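Take the fold and its charged pairs in turn. Begin with the salt bridges, then turn to the sheet.

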Amino acid sequence: MPTALLKHGVRAAALAALVLATSLGAPAAVAAPAADQVALQEQATSAGLDRRAPKPIDVKITGSGITAPESAPAGLVSFRVTSDDPNGRFLQAFRPHPGVAVEQVLADLAKAVSRQPIPTAEGMLAVRDEAEMFGGAQVTASVSETFTTPITAGEVVLLDFTAFLQDPTHPITRTLQLQGSQRPSLPTGFPDSFVLARETPDGPRFDIHGLDRTSDTILVHNSTQELHEMGIQPVAPGTTDAQIQAIFDRTAPGPLPYTGRSVGLGVLSPGRSVLLEIRNLPPGTYVVGCFAPDGKAGIPDAIKGMHKVVVLT
């Protein structure tokens, strides 16, 4: 696998160091990495980014439900998600915090998708505080994904989020029991690109570094205090962020210039990192966006500017 060190050098390694530091709870300010490529590679290895990938857990999500094993090893957990649904499916993985029932998380998640500003905001804040959201996969019949993240032993809930959006009163879930005492580590494999969700004076934004190929592995980190997702949706060639924002702001006519269905990563809790691999994504122009509502006004973050157009070859 080509490494981000070779592809992007010091800049990529600097962002990797920031992601690693915040993932481990260290201060956001980190020492600048040495310029020497060998030293940087040694730094990545010692940080755990060169660990061999775990055996993936195969998860298939269709209109008939979720197929997955009953148990798997804890530690660094890799979910390989596929679907045969021509309309695509959205899988979300989460774990309630101790003392919180799965039913309570699902009830608040139903508020979060209600599209009513006050209940939506209340639901998002409640889910943030009640559960650890491990990410997930937005897949289609032709585009599969693998997402890898550290998870301790215990039960993980896999939710058909596509079905949940259609009918929150009848959630479709499957539980996966993670077993063993292996110490969770950081996502494996030095990534090709980095996506950092961060706070700015204008609201949450994506910092995207090195994402220029459909085959890139993407290290995603949520450094904010709210829940975020990372959808990747094709748009017409030449589309700009300014054009998308103008449509959101209703200062420009017409619908958003989407040309296909969204893929990408599910909702991620504050402070978490995930390594995302997308397979069979066609080259083209895409917008990276977060449509998770905020916890203040219940407005999707993308509408407030959390989107970025990228061209992938």
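A salt bridge here is a side-chain nitrogen of Lys or Arg within 4 Å of a carboxyl oxygen of Asp or Glu. By that rule, the structure holds 13 salt bridges. The model is predicted, so local features need pLDDT of at least 70, side-chain atom pairs count only at pLDDT 80 or more, and totals for chains, interfaces and linings use all residues. Residues are numbered from 1 along each chain as its sequence is written, and side-chain values use heavy atoms, with hydrogens and water left out.

Side chains of opposite charge can pair when their charged atoms come close. Buried means under 20% relative accessible area, exposed means over 50%, and partly exposed lies in between (1.4 Å probe, protein chains only).

Now look at Asp-192. Its side chain meets that of Arg-213 in a salt bridge, at 3.6 Å from N to O. Asp-192 sits in the loop between strand E9 (173–179) and strand E10 (193–200), and Arg-213 in the loop between E11 and strand E12 (218–222), so the pair ties together parts that are 21 residues apart in sequence. Asp-192 is buried, at 3% relative accessible area. Arg-213 is partly exposed, at 26%.

Which residue forms a salt bridge with Asp-301? The partner is Lys-304, and the closest N and O atoms are 3.9 Å apart. Asp-301 is buried, with a relative accessible area of 1%. Lys-304 is partly exposed, at 31%. Elsewhere, salt bridges that share partners join Asp-85, Arg-89 and Asp-160 into one network.

Next comes the sheet. Strands (E, at least two residues) and helices (H or I, at least four) are DSSP runs, numbered from the N terminus. Two strands pair if DSSP finds at least two bridges between them. Here 8 strands form an open sheet, in the order E2-E1-E4-E7-E15-E12-E10-E11, with mixed pairing. The edge strands are E2 (65–67) and E11 (203–209), each pairing on one side only. Neighbouring strands of this sheet are turned by 25 degrees against each other on average, direction ignored. Axes are lines fitted to C-alpha atoms, for helices over the stretch in contact, and angles run from 0 to 180 degrees between N-to-C directions.

Strand E7 (residues 144–151) runs antiparallel to strand E15 (residues 273–279), and the two pair over 5 bridges. Phe-147 has Leu-276 in E15 as its bridge partner.
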